[in-house]
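Please look over the sequence and the model shown here before reading on. The paragraphs after it go from the chain as a whole to particular places within it.

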Amino acid sequence: MRAAAAEILFPKEVIDRRVRELAGQISRDYEGREPLIVGILNGAFIFMADLIRALDVPCRVDFVRLASYGAGSVSSGEIRIGMDLETPIAGRDVLIVEDIVDTGLTLSRLVEILRKRQPASLRVCAFLDKRERRRVPFTADYVGFPIPDRFVVGYGLDYNEKFRFLPDVRVLGTSFEREGV
Ligand code: PRP
């Protein structure tokens with residue numbers, strides 16, 4: 001079994017419906033344009049793949065990987081680009097796609113970095129939003145689902161790099177669920 005014990009928060013059908021709604025909204029907002037969709041690795045790749053296939057506008061894709069620096073296992077909260085975009089973004093409509101906003105540190109920093117490159121527009125689409133965990137103010141332009149402060153996996157989200165492959169979003173409530181499935 002693949003994580004059968006964990007509670008399902010969003011089944012695949014519910015995710016599919018919400019992704020289509022988001023894609024409809026984004027397609028209307030970007031009508032007549034060809035946005036560059038920027039995925040943040042690793043978590044965003046599944047959501048991004050579904051989202052762009054549901055768009056009614058053409059798009060291009062690129063990816064960034066971010067690195068968090070700190071002493072030992074304690075993060076300083078300082079976030080830098082580990083793997084940068086290949087695409088110059090000056091004058092382009094850029095839509096960042098992310099799996100989850102938690103403290104807001106990752107996205108607020110990435111937006112700050114990319115804004116300096118003077119894109120024509122810069123927006124953020126986050127699949128999940130854990131609003132109560134914010135440490136810095138950050139509001140995504142498009143959100144799939146706001147969620148409570150629970151540990152979720154699946155649909156690209158991991159626990160120690162496990163469970164990204166799950167087609168639905170599940171809550172890992174116990175250490176048994178984290179280690180034993
Ligand atoms: C997760 C997630 C976001 C970030 C959100 O990434 O994918 O990028 O944390 O957290 P924040 O709002 O507190 O900054 P992670 O570093 O776990 O990497 P991953 O995408 O490879 O899972």
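Predicted model: local features only at pLDDT ≥ 70, side-chain atom pairs only at ≥ 80, totals over all residues.

Residues are numbered from 1 along each chain as its sequence is written, and side-chain values use heavy atoms, with hydrogens and water left out.

The chain contains four helices and nine strands, where helices (H or I, at least four residues) and strands (E, at least two) are DSSP runs numbered from the N terminus. Read from the N terminus, the order of the elements is β-α-β-α-β-β-β-α-β-β-β-β-α. Of the 181 residues, 45% are buried, a term for under 20% relative accessible area, with exposed meaning over 50% and partly exposed in between (1.4 Å probe, protein chains only). Among contacts (heavy atoms within 4.5 Å) with a separation of 6 or more, 64% join residues 24 or more positions apart.

Two packed helices are described by the angle between their axes and the distance between the axes. The axes of helix α1 (residues 12–29) and helix α2 (residues 45–53) come within 9 Å and cross at roughly 60°, axes being lines fitted to C-alpha atoms, for helices over the stretch in contact, with angles from 0 to 180 degrees between N-to-C directions. The two helices, α1 and α2, are therefore oblique to each other, since angles under 35 degrees count as roughly parallel, over 145 as roughly antiparallel, 65 to 115 as roughly perpendicular and the rest as oblique. On the side of α1 the contact is made by V19, L22, A23 and I26, and on the side of α2 by F47, D50 and L51.

In the loop between α2 and β3 (60–69) lies C59, which is partly exposed, with a relative accessible area of 24%. Beyond its neighbours within four places in sequence, C59 is in contact with E34, P35, I37 and I52.

L114, by contrast, belongs to helix α3 (residues 105–115) and counts as buried at 0% relative accessibility. Not counting residues up to four places away in sequence, L114 touches L85, I89, I96, P119 and L122.
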